[in-house]
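User: I am new to this structure and would like to understand the words used to describe it. Could you walk me through them?

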Amino acid sequence: MEETKAEASPVPCRRDGPSLSLSSSPSSGSAPTPPLGVISEGAGEGGALIDAAAAERACREVLHKLKLRRPETPVGNGDGSPEPNRDEDEEGGAGGRRRPRQNPSSKQSWLLRLFESKLFDVSMAISYLHNSKEPGVQAYIGNRLFSFPHDDVDFYLPQLLNMYVHMDEHVGDAIKPYVVHRCRQSISFSLQCAWLLAAYSSDMHISTQRHSRGAKLRKLILSDQLKPAAARARREPPAPSPFSAAPAEHAGLSPSKRTHQRSKSDAAVAVSLSSNLKRTASNPKVESGPDEESSDSDYVDVSITPVRLAPQRDFMKSLMGIGKRLATLPTKEQKTQRLISELSLLNHKLPARVWLPTAAFEHHVVRVPHTQAVVLNSKDKAPYLIYVEVLEVDDFETASVPARIPENRIRSTRSVEHLPDCGASAEQRAGSFSTVPNYDNDDEAWSVDDIGELQVELPEVHASCDNISQFSVDSVSSLESKEPVFIAAGDIRRRLSEQLAQTPTTFKRDPEDPSAVALKEPWEEKVRRIREGSPYGHVPTWRLLSVIVKCGDDLRQELLAYQVLQQLKSIWEAERVPLWIKPYKILVLSSDSGMIEPVVNAVSLHQVKKHSQLSLLDYFLQEHGAPTTEAFLSAQRNFVQSCAGYSLICYLLQVKDRHNGNILLDACGHIIHIDFGFILSSSPKNLGFETSAFKLTAEFVEVMGGPEGDMFNYYKMLMLQGLIAARKHMERVLQIVEIMQQGSQLPCFHGSSTMRGLKERFHMSLTEEQLQLLVEQMVLGSMRSITTKLYDGFQYFTNGIM
């Protein structure tokens, strides 16, 4: 690999025309970025430099050329739209003195003034990048991206990469320097870009896709060319790790006598991965061909993947492979047993330099508590929920990966091994967690063929032994104290009543719905229980995460819905409208796979009705107390605020398939809509059966206190305020959807009226009084909707969803 090519500057100016660059430094609070006034050009680090004055002159030159080519159109927004006639700056720059006289050339300075103003944010930058037809302006915006905080730009990463894939070369040339620069800085950003590029390129014809701009950039990212220059200069020897990562002793972890310690070079690790990931029952599909431009998958031959990316890609590949194999099993019980067995094997590759991309902090994955994993409800596919133990770190790439602590080491310290009435000998109890041996050689752990015969301890056996163990510890400690403890009968009754009042309703284990029990358990209780049984639970930086793995589903629509929800949430917060919604993170891995951030402490309305056998209001009363209590009134207010927020979401995005399995209820009383597979122009079977603006059943209104109650009026008032606030910032929502429509074959963009219909639902021409009448009509129509009742009945008789 040529070093000069790898050392290319991340911010090259355009070669076929002038480029515009900010003459000011990045705004305060932004992530560390290179100075915007110094932009390098060419392959070498010492290329030509453009200073601030040259950048400003280039901006004026481009805008002046535009005016000369189209003298009849005033130059304004960079896309040909006219600007209001304003006073000219003496020098034409952002800070010049104004003259009273008028001059057509004054328009040149106003665009630059806007770009350098404090009002110019990422949303405006993305809009200009998409709408402008001038290469110079596009290049200027591309350079301007470096001044924004990374998190702000990352929110629009799907839009940037979709424009890169499907728009003209000038837009691509403006976006690429920023993407390349960020890929040099971050492994996580590199893989996220590679996954999104593969997903958004999948809508292209296969012959075009292989040679597209997106495929070339993806290939560049997945190569070693974008490794940071500092990393290449000091090549550190890799420490051992199961996923070809670099583990070492972690502070606070007791060293293990037998851990995963392999001394291999980077090249040797890559070769060993490709040669030792055998096609076995536990790993039947390992690509061996050199072709990495597969249209339906992100996975490529590991032997050509750089070592810095290979561990995480192998980790994600393993999780996706489990989901595909689960889909072939007939019953949920079999799927659950297979899932536990497969995750048990996966643990032999951990800890490693891998992470969960849905997390908001840097960490290393150390263990997956396999007995806690569950298969979710799905008719055709097998999405599953796993919990992942991680150790938080300051820097993912430089922090040492902890050494592995075998499961039986932590079990030897617990009293269950000394209980003769547990039904097994000491040796059997010590190995009761799994019959899979603790491999010191990780390559062997991947080649176990008899995964179907693995015997892994079930969750209920684990829980019962833990309870007995804890009871015995308490008994022994109380006996050793030799001091009698007297507790009054009244005190016992008070404690029991308080415990019953605070303990939420538990669900019984159902083989056909295994996720209900796991989702109903309070998150804090789950974290405490898993931490107590974890070999890594004593580490101060231990954290528990969860993720839903989905295979066979296109999550690009889910990602689009997440962006719209997140944008509306920020709008309502800025406008101080107390609506409540819960956007959950979406990770797109390819056009048919991805991950979803679970909503904790929440179960579906279907699970509530099935397991409690109560109406929604009665369930509220059981969970939160009498209608006059503070707990019930707080939960009722949460229900109203979330119901109003999601009613507006469902109306604006035309969300369909709103059965009770797709609506969650959390422990605080909020409802959360999930599964946005049918939005905008699409509906189940394209029938458009659900005709109401949103779902508002009689049970919902009953929880609000009835149609004449104050809380129901509060619900309608919130909807009105939310719609007024949303239409004030309509363009911020429209641009998210419009950019993703470019070159897309997603069903939500079926037909030519998608954007027109979305814009019309903001009702920009109506007064606030007319909007209030509209809200009243929508609420009344949704309450009386016969199609909502029929669709719920259809789901009950066909899928058993209550």
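**Reading the terms**

Analyst: Happy to! Let's start with a pair of strands: strand 5 and strand 7 (residues 384-392) pair in the antiparallel sense over four bridges. In this pairing, H363 has E392 of strand 7 as its bridge partner. Please keep in mind that this is a predicted model.

User: What makes strand 5 and strand 7 count as paired?

Analyst: Two strands pair if there are at least two bridges between them, and strand 5 and strand 7 have four bridges. Strand 5 is also mostly covered, with five of its five residues buried.

User: Which peptide bond is cis, and where is P351 placed?

Analyst: The bond from L350 to P351 is cis, with omega near 0°. P351 sits in the loop between helix 15 (332-346) and strand 5 (363-367). For background, most peptide bonds are trans.

User: How do you know that Q613 is exposed?

Analyst: Exposed means over 50% relative accessible area. Q613 has 58%, so Q613 is exposed. Q613 lies in the loop between helix 24 (605-612) and helix 25 (616-624), and its phi is near 55°, a positive value in a residue other than glycine.

User: And why is Q654 called buried?

Analyst: The cut-off for buried is under 20%. Q654 is at 19% relative accessibility, and therefore counts as buried. Q654 also has a phi near 55°, positive in a residue other than glycine. Its place is in the loop between helix 26 and strand 12.

User: What makes T697 buried, and which residues does T697 touch?

Analyst: T697 has 18% relative accessibility, so T697 falls under the 20% limit and counts as buried. T697 is found in the loop between strand 13 (671-673) and helix 27 (698-703). Not counting residues up to four places away in sequence, T697 touches T788 and D792. T697 and T788 are 91 residues apart in sequence, and their C-alpha atoms are 7.9 Å apart in space.

User: How many disulfides does a search of the whole structure find?

Analyst: The search finds zero disulfides. Take C193: the nearest cysteine sulfur, that of C183, is 4.4 Å away, and C193 is in no disulfide. A disulfide needs two cysteine sulfur atoms within 2.5 Å. C193 is buried, with a relative accessible area of 0%.

User: Which residues touch the most other members of the largest nonpolar core?

Analyst: The core has 181 residues, and W572, F694, L696 and Y715 touch the most other members. Helix 26 (residues 630-653) gives the most to this core, with 13 residues. Leaving aside neighbours within four places in sequence, Y715 is in contact with V640, C643, A644, S647, F694, L696, M704 and V779.

User: Why is helix 23 called roughly perpendicular to helix 28?

Analyst: The axes of helix 23 (residues 556-574) and helix 28 (residues 710-728) come within 9 Å and cross at roughly 105°. Angles of 65 to 115 degrees count as roughly perpendicular, so that name applies to helix 23 and helix 28. The contact is made by L568, I571 and W572 of helix 23 and by G722, A725 and A726 of helix 28.

User: What is the order of the three strands in the open sheet, and which are the edge strands?

Analyst: The order is 11-12-13, with antiparallel pairing. The edge strands are strand 11 (602-604) and strand 13, since each pairs on one side only. Neighbouring strands of this sheet are turned by 35° against each other on average, direction ignored.

User: What makes strand 12 and strand 13 a pair?

Analyst: Three bridges join strand 12 (residues 663-666) to strand 13, and at least two are needed. In one of them, L665 has I671 of strand 13 as its bridge partner. Helix 26 lies across strand 12 and strand 13, running at about 20° to strand 13.

Note on methods. Residues numbered from 1 in each chain as written. Predicted model: local features only at pLDDT ≥ 70, side-chain atom pairs only at ≥ 80, totals over all residues. Heavy atoms only, no water. Helix = DSSP H or I, 4+ residues; strand = E, 2+ residues; numbered from the N terminus. Buried < 20%, exposed > 50% of the residue type's maximum accessible area, 1.4 Å probe, protein only. Contact = heavy atoms within 4.5 Å. Core = buried A, V, L, I, M, F, W, Y, C linked by side-chain atoms within 4.5 Å. Axes fitted to C-alpha atoms, helices over the stretch in contact; angles between N-to-C directions. Parallel < 35°, antiparallel > 145°, perpendicular 65-115°, else oblique.
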